[in-house]
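Welcome! Here is a short briefing to read alongside the structure. Take a moment to look at the model first, and then we will go through it topic by topic.

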Amino acid sequence: MDLSSPVEYLKGVGPARADLLKKELGVFTFNDLLHLYPYRYIDKTQFHKIKDLTPESSDVQLRGVMRRLTTHGEGRKQRLVGKLRDDTGAIELIWFRGVFYVQRALEVGKEYVVFGKINDFNGKLSIPHPEVEEVKAENTTAAETFAPVYPGTEKLRQRKFDAKAHRKIVETLFLSLTLADIPENLPDALMEKLKLPPRWEALRAIHFPKNEYQLHQAKRRLKFEELFFLQLRLLQLKSRRKDAVRGFVFEKVGDNFMRFFNEKIPFELTGAQKRVIKEIRSDLGSGIHMNRLLQGDVGAGKTMVGLMCMLLAIDNGFQAVMVAPTQILAQQHFDGIRRDLEGLDIEVEFLTGSIKGKKRKALLERLASGEIKILVGTHAVFEDPVVFKNLGLAITDEQHRFGVKQRAKLWKKNKPNPPHVLVMTATPIPRTLAMTLYGDLDVSVIDELPPGRKPVTTVHRNDNHRQRVFGFMKEEIAKGRQVYVVYPLIEESETLDLKNLEEGYEALSREFPQPDYQISVVHGKMKPDDKEFEMQRFVKGETQIMIATTVIEVGVNVPNASVMVIEESQRFGLSQLHQLRGRVGRGAEQSFCILMTGFKLSKEGRERINTMTSSNDGFVISEADLRLRGPGNIEGTQQSGVLNLRIADLARDGRILQTARGIAQQILNEDAKLELPKHARLKAYMGVMEEKIKGWSRIS
Ligand code: ADP
Ligand code: MG
C-alpha cells in the first residue's frame, strides 16, 4: 500500500471530505492521517459497577436497565432525568438539551450501555449528557481498545465529521495496512536498550491502545523517535558544516587584545565570561568554522565578550561586525565600544538606514578598503552594497529579532569563506528549546552575574495602590533616582495601547508637574530622531521619568534608574517582563520593579506575575515561560520549522530529548555518514524525511 496516496482514495473519505481534511487538519495523504495522533482517549474497555463509582471516577462505562424517565421543569429549564440500574445500584442520567429527542429515543425497561463523566452534586452522583446505546449483539462486551479522540474544528463538526467519523476512517486505514507499510526506522539494539516497542506496534497503539501501559509505551517510542531524528539531523548539519566550511584561524592573541585587557578593560571579567572567551578562542584558533550561540541572563555581560572576540579578529588581520536589532541599541553598543577602545588605534564606525548620501558612500568605501575595523549597526549592514574587505567575525545581538534569512546574509558577507558567527540572546532560552532551535550550533552560557549586583525587588500592585506607587516614585526621585513607566504595545491593539500611554502620560503629568519634574516619552510611532532625543534627555538625567512602550525593552543602559513600573503587566510575556526588569538594578542602588495589574487576572496571568515576584533568575523564568505558553509562543521560535513536533513536548519531555541527543551524538561520532550496516535503517529514514519535510535543512 502506498502511504503517500491522497487521502480521498481511502474508503469512506471521498473528494468532499478529503478537501475538508486538507483544509481543517492539514491531512493530505494516508501517511498524514496515520501521524495525526489522538489528543485523548475514551476507555470503554471495561464496564463499571454503579456501586463502585465515586466522585473521583471520571470517564465511566456502565451497563444497566432504564428504570424511569421523567421530565422536570418547563420550557428552557426543562430537563430529562433517567434512572439506570445495574445489579449493584442505580444512578441518575440527566439531559438539559435535546430533551424531546432523547426521550423519544429511550425506553423504560430496556437495557443500555451508558458512557459519560461523573458529576458530583453534594455527594449525589449523576451523569450529565451521557452517550447511550441500546445493548445489542456487538456491544454486550466491553471494547478491546480505548477509543481515540482526534482534534477537530468547528467546520468539521458542522460537516458531520466528528470524533466517531474520524475514528472510523483511521480504523479503515489500519485494516488495509500491513507491517511492510510501516518499516522500522530504529536499530534493534537501540530499541532493546531503551525498551521501546517497534514502530508498527507503537503507531497502532497510539491510535487504539488496549490499556494505559501500552499507550504510555507507544508515546515514549514516538516521542523518542521524533526528537531523535530531529537531533540526528541537526547534529549532522553541524558536523557537515564543520567539514565543509573552512574557518579562519585566529591563532594569535595580539597587541590590541592584550593592551585592552591589561590597560583598558573597566572591570575584572567574571569567571563565566573568562570561560566563555576561552571556549570561543579555542574555536577561533582551531581552523574550524565557528557558529556559536552565546546565552546569558540580562546584564550578564555578553557585550564585553563580543567586544573581546572582535579584538581577536582584528589582531589577526580581519574586520568584525556587530549587529543589533534597533537603532537605539546599536547606537549604545557603538558609543560603548568607542569609549572602551579609546586610545587604541582601531577604527570603529556606525551604520544605520538613516545614514545616507555622501556620508554613507564614504563609509562604505572605508569599509571595503579595510580601513574600518569594527562596524556596529542595524539591519542596514545586511544590505548588498555593504561590502567588507575581509570580514572575520560577525556578531548578532538579540538574535531572535533577526530572521533566518538575514543571518544567512551575514554568512555571505565574506567570500569564499564565511566569517565566524556568534549570536547572542537577549534572555536565556530553556535548555530543551535551545537544543532544538539551535541544535546545530555550539552553545556557550554565561551563568554568573558581575559581582555587587543587588537583586531587583519585585512586587505586584493593583489600581488601589496607585497613589502609594506614585508616592514611592516621588521618594526615589527625591533621592536623585530615575523611573521608567512602561506600557504594553501589542500590534493588534496599537491605537488603544497608544491611547493608554497618552492617558497615562496625562495622569503622570498631573501627579508630577513641571517644573519640579520632567518627563520623557518614547513610543514606536515616533521618528527615530525624536526618540533618540527623548532617550538622551533621560540618559543625561534631564528627565526623571521615562514613559515608554516596550521600545526600551531592548538594551538601554541608565544605571541611575532604580524603579521600573510596568503597567498592565499581565499582558507581557515572561521573557519581556524579565528583560524590562533588567533595565534597573544596573547601578549601586537597590532597585525595584513594580508590576501593575487590574484586579481580575487570568490563571496564567497570575502565574506569570508570581513567577516574576519569586525569581530573578532568567533561566528559571524561561523554563516557566515554556511551561506556561508552550514553545510556539516564545520569542524567536515562530519562524523556525523545527518546532512542528507531532507528539513530543519540549516543556515536558526534556529527559527524552536529552537521551535522544546523546544517542544521536554517539552514533554520529562513530559513524558520521551512517554507513555502517547497523545504521542502515537510520540512513534510509533520514533520506525519506529529507525529501518530505520542508524546512529541515534550515541554518540557524
Ligand atoms: P547583557 O549580557 O545583558 O548584554 P551587558 O553586556 O549590557 O549585558 O552588560 C551589562 C552591564 O554590566 C554593562 O554596564 C557592562 O559594562 C557591565 N559588566 C559587564 N561585565 C562586567 C563585569 N565582569 N564586571 C562588572 N560589570 C560588568
Ligand atoms: Mg545585551
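What percentage of the 700 residues of the chain count as buried? The figure is 52%. Please keep in mind that this is a predicted model, so every value below is computed from predicted coordinates.

**The chain as a whole**

- The chain holds 23 helices and 22 strands.
- Along the principal axes, its C-alpha atoms fill a box of roughly 100 × 70 × 45 Å.
- Taking contacts between residues at least 6 apart in sequence, 74% join residues that are at least 24 apart.

- Helix 11 covers residues 302-315, which is 14 residues. From its first C-alpha to its last it reaches 20 Å, close to the 20 Å expected at 1.5 Å a residue.
- This helix is mostly covered, with 13 of its 14 residues buried.
- Just after helix 11 comes Gly317, which takes a positive phi of about 85 degrees.
- The largest nonpolar core has 45 residues, and the members that touch the most others are Phe260, Met310, Leu341 and Ile374. Helix 11 gives this core its largest share, 10 residues.
- As background, nonpolar side chains tend to be buried together in soluble globular proteins.
- Which residues does Ile374 contact, leaving aside its neighbours within four places in sequence? Among them are Leu307, Met310 and Ile314, along with Ala320 and Leu341. Ile346, Glu347, Val348 and Glu349 are also in contact with Ile374.
- There is also a second, separate core of 39 residues, including Leu196, Leu441, Leu626 and Ala660.

**Helix 19 against helix 21**

- Two packed helices are described by the angle between their axes and the distance between the axes.
- For helix 19 (residues 574-581) and helix 21 (residues 618-629), the angle is about 155 degrees and the axes are 9 Å apart. Helix 19 is therefore roughly antiparallel to helix 21, because angles over 145 degrees count as such.
- On the helix 19 side, the residues that meet helix 21 are Leu574, Ser575, His578 and Arg581. On the helix 21 side, they are Gly618, Ile621, Ala624, Asp625 and Leu628.
- By class, this contact between helix 19 and helix 21 has four nonpolar, three polar and two charged residues.

- Asp283 sits in helix 10, which spans residues 271-284. Is Asp283 buried or exposed? With a relative accessible area of 12%, Asp283 is buried, because the cut-off for buried is under 20%.
- Apart from its neighbours within four places in sequence, Asp283 is in contact with Ile288, Met290, Arg292 and Asp442.
- Ile288 lies in the loop between helix 10 and strand 10 (291-296). Its relative accessibility is 35%, so Ile288 counts as partly exposed.
- Setting aside neighbours within four places in sequence, the contacts of Ile288 are Lys242, Gly247, Asp283 and His420.
- The C-alpha atoms of Ile288 and Asp243 are separated by 8.1 Å, although these residues are 45 apart along the chain.

**Backbone details to look for**

- Most residues other than glycine have a negative phi, and most peptide bonds are trans. The places below are worth a look with that in mind.
- A cis peptide bond joins Lys415 and Pro416, with omega about 0 degrees. Pro416 is in the loop between helix 14 (404-411) and strand 15 (420-424).
- Another cis peptide bond runs from Gln514 to Pro515, with omega near -5 degrees. Pro515 belongs to the loop between helix 17 (494-511) and strand 19 (519-522).
- His129 has a positive phi, near 45 degrees, in a residue other than glycine. Where is His129? It lies in the loop between strand 7 (124-128) and strand 8 (131-134), and with a relative accessible area of 28% His129 is partly exposed.
- Lys195, also a residue other than glycine, has a positive phi near 55 degrees. Lys195 lies in the loop between helix 6 (188-194) and helix 7 (199-207). At 59% relative accessibility, Lys195 counts as exposed, because the cut-off for exposed is over 50%.

Note on methods
Residues are numbered from 1 along each chain as its sequence is written. Chains are lettered from A and ligands numbered from 1 in the order in which they are written. This is a predicted model: local features need pLDDT of at least 70, side-chain atom pairs count only at pLDDT 80 or more; totals for chains, interfaces and linings use all residues. Side-chain values use heavy atoms; hydrogens and water are left out. Helices (H or I, at least four residues) and strands (E, at least two) are DSSP runs, numbered from the N terminus. Buried means under 20% relative accessible area, exposed over 50%, partly exposed in between (1.4 Å probe, protein chains only). Contact means heavy atoms within 4.5 Å. The expected span of a helix is 1.5 Å times one less than its number of residues. Axes are lines fitted to C-alpha atoms, for helices over the stretch in contact, and angles run from 0 to 180 degrees between N-to-C directions. Angles under 35 degrees count as roughly parallel, over 145 as roughly antiparallel, 65 to 115 as roughly perpendicular and the rest as oblique. Ala, Val, Leu, Ile, Met, Phe, Trp, Tyr, Cys and Pro count as nonpolar, Asp, Glu, Lys and Arg as charged, and the others, Gly among them, as polar. A nonpolar core is a set of buried Ala, Val, Leu, Ile, Met, Phe, Trp, Tyr and Cys residues joined through side-chain atoms within 4.5 Å.
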